[in-house]
Amino acid sequence: ALRLYHYLRDPSVWHDEAALILNVLGKNFGELLGPLRYYEAAPPLFLWAERVVALALGDGTFALRLLPFLASCLALLLTAHVARRILPAAAVPWAVLLLAGSDRILWHGCEAKPYAPDVLATAAVLALYVDLRGQSLYRQCLVHSLLAPAIIWMCFPGCFLYGGLLVALLPALARERRLPSFLAYALLVLTVFASFYALATGPIRAQRHAMMDACWLGQFPDWQHPWSVPAWTFFSTLDVGRYCFEPTGHALALLAVVGAFLLWKRGERALATLLTVPLILALAASLLHAYPYGGARVEVYAAPALALLAAASVPSLHNWLGPRRPWATLALAVLFLAPAAQALYHVVEPWPRAECDRAADFVLRERRPDDAVAANHWEHVYYFRHLGSAFRPLEEFTPGEANRLWVVATGATDDERRRALVQAPAGWRPVLERPFYHTVVVLLERP
C-alpha cells in the first residue's frame, strides 16, 4: 500500500533521475553500453529494460517508474518468504516490517533509478539460496550460473552478492568432494568473474567520470590519513544501516551484528556468510576506491540482509531483557517501529522535492505557440522534451526571433534561483513571476 501510494502520487522527477531518463530516451541500445550524458551511471540491463518499457508504454513517469515500483514490491514479498524460511516465527514480522516501512526503499520504488532493482536482486539471491540449499551443490551451482550474468548486469552490487554466495557455498563444496560438484562450482566461479570482468571493462569503465567520483568523496577512506580509516570503516558501516532504516538505522546495524553472531552460533554459518560478506566486499572495494561505501543509495541493496539479521536478534534479546528490564524490551520495539512511523509520516507530509512538474505544467498551459522556454536543470529538459527547438537549456539560450521567454529556475535556495535568472537575456522586461517549491517561473518580454 505504501509503495502503491507513492507510485500513484507521481512525485516530480528529480535531478539524477532526469539524467537517467534522458539517456534512456535519447540513446539507442548500443549507445547505452557506452558513456552516458550528464555524468550518469547505471547498469546496462536496467537501462535496456527501461528503454523497452519506454518504447512499449511511452515516456511518461508512470511507465518509466514501473519497473522500480514492481521491483520494490517483489523484493518485499521475497524477503518475507526468506524470513519465514530462516528466522524463528517471533522474528519474522520485525524483518518484514523493516523492509515494508523503509523510507528510502519507498523513495527508490517511485523513481526511475536502479536502486529498487538492487534490493530485489539481493532478495532474489537470498530466496534462491534458501530454496535450493537442501539440494545438491551441483544443482545449486548450475541454477546460480544461469542467473548470475543477469543479476550482475542488472545491478552493480550483483558482483558483491555473488561473491558472498561463492564464499557461502565453500563449506558444502568441502563436504561433498565430488567431481560434478567441483565442476559446477568452477562453472559458477567462471560465470561470475567473466560477467563482472565484461561489465567492469565495458560499461563501467565507459561511464566512470571524474565529476561522478567527486560526488562520492565521503564514501571513500582518506588514505592520506591512514589512522582515520578504522573509525571511518565503523561509522560508514553504521551509516549503511542508517540510510536503509532511518531514523534508527544506526542502532539496527548494531543489532544486525548481534543477529549474525546468533546465526553463526546456531550453526547457520553459510547463511550468516551470505548475509554479511556482500557488504564486506563493498567495503573492500571502497578501500580500493572502486565503489562508494556508507550511508548512500548505492548501499541500499543491503537492506534485506540487514533487516533479516536485525530481526534474528529479537527473540534472544527479548528473552534476555524481558524479565529483567521491561523498558529495554519497549526500546527494542521502538527501534523496529520507528522506520515505519517515519514512512507513515511521509504519507501525510511527502518528501520535499522541487516542483519542476508543476512549474512545467504552468508554462505549457500559459505559453503562446511562438514563446521560447529556457531552464537551468536537467529535470526541465525532460518536462519540456516535446517543445523541440522552442526549448533550450538556459546557458545555451539565444534570443532568436522570440518576443517572449519563459525562464524556469530550480535551486535549493532563493539566491541560487536568482543567480540562475541572471543568465537570462539582458534588458528583457519581466512581466510575470510565479513561485513554486524550490522553483520559480519568470516571463520576460523583449524590450
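The structure is a predicted model.

| Helix | Residues | Number of residues | Span, first to last C-alpha | Expected span |
|---|---|---|---|---|
| α2 | 15-26 | 12 residues | 16 Å | 16 Å |
| α5 | 66-86 | 21 residues | 30 Å | 30 Å |

The reach of α2 is close to what its number of residues predicts. The reach of α5 is close to its expected value too.

Which residues of α2 are buried? They are E17, A18, A19, L20, I21, L22, N23 and V24. The cover over these buried residues includes α3 (44-57), α4 (61-64) and α20 (378-383).

Helix α5 has its own buried set. It consists of P68, F69, A71, S72, A75, L76, T79, A80, V82, A83 and I86. In an α-helix there are 3.6 residues a turn, so residues three or four places apart point the same way. Look at α5 with that in mind: its buried residues include F69, S72, A75, T79 and A83.

L4, L8 and F62 make a nonpolar surface patch. Its area is about 280 Å². L4 belongs to helix α1, which runs over residues 2-9.

**Backbone in the loops**

Go to the loop between α10 (158-176) and α11 (179-207), where R177 sits. Phi of R177 is positive, near 50 degrees, and R177 is not a glycine. The residue is exposed: R177 has a relative accessible area of 68%, and the cut-off for exposed is over 50%.

Next comes H289, in the loop between α15 (269-287) and α16 (303-312). What is the phi of H289? It is about 60 degrees, a positive value, although H289 is not a glycine. H289 is partly exposed, at 35% relative accessibility.

The last stop is P247, in the loop between α13 (229-244) and α14 (249-265). Here the feature is a peptide bond. The bond from E246 to P247 is cis. Its omega is near 0 degrees.

Terms used
Residues numbered from 1 in each chain as written. Predicted model: local features only at pLDDT ≥ 70, side-chain atom pairs only at ≥ 80, totals over all residues. Heavy atoms only, no water. Helix = DSSP H or I, 4+ residues; strand = E, 2+ residues; numbered from the N terminus. Buried < 20%, exposed > 50% of the residue type's maximum accessible area, 1.4 Å probe, protein only. Patch = residues over 30% accessible without salt bridge, like charges linked within 9 Å, V, L, I, M, F, W, Y side chains within 5 Å. Areas by Shrake-Rupley, 256 points an atom, 1.4 Å probe, with all protein chains shown as cover. Salt bridge = Lys/Arg side-chain N within 4 Å of Asp/Glu carboxyl O. Expected span 1.5 Å × (residues − 1). Contact = heavy atoms within 4.5 Å.
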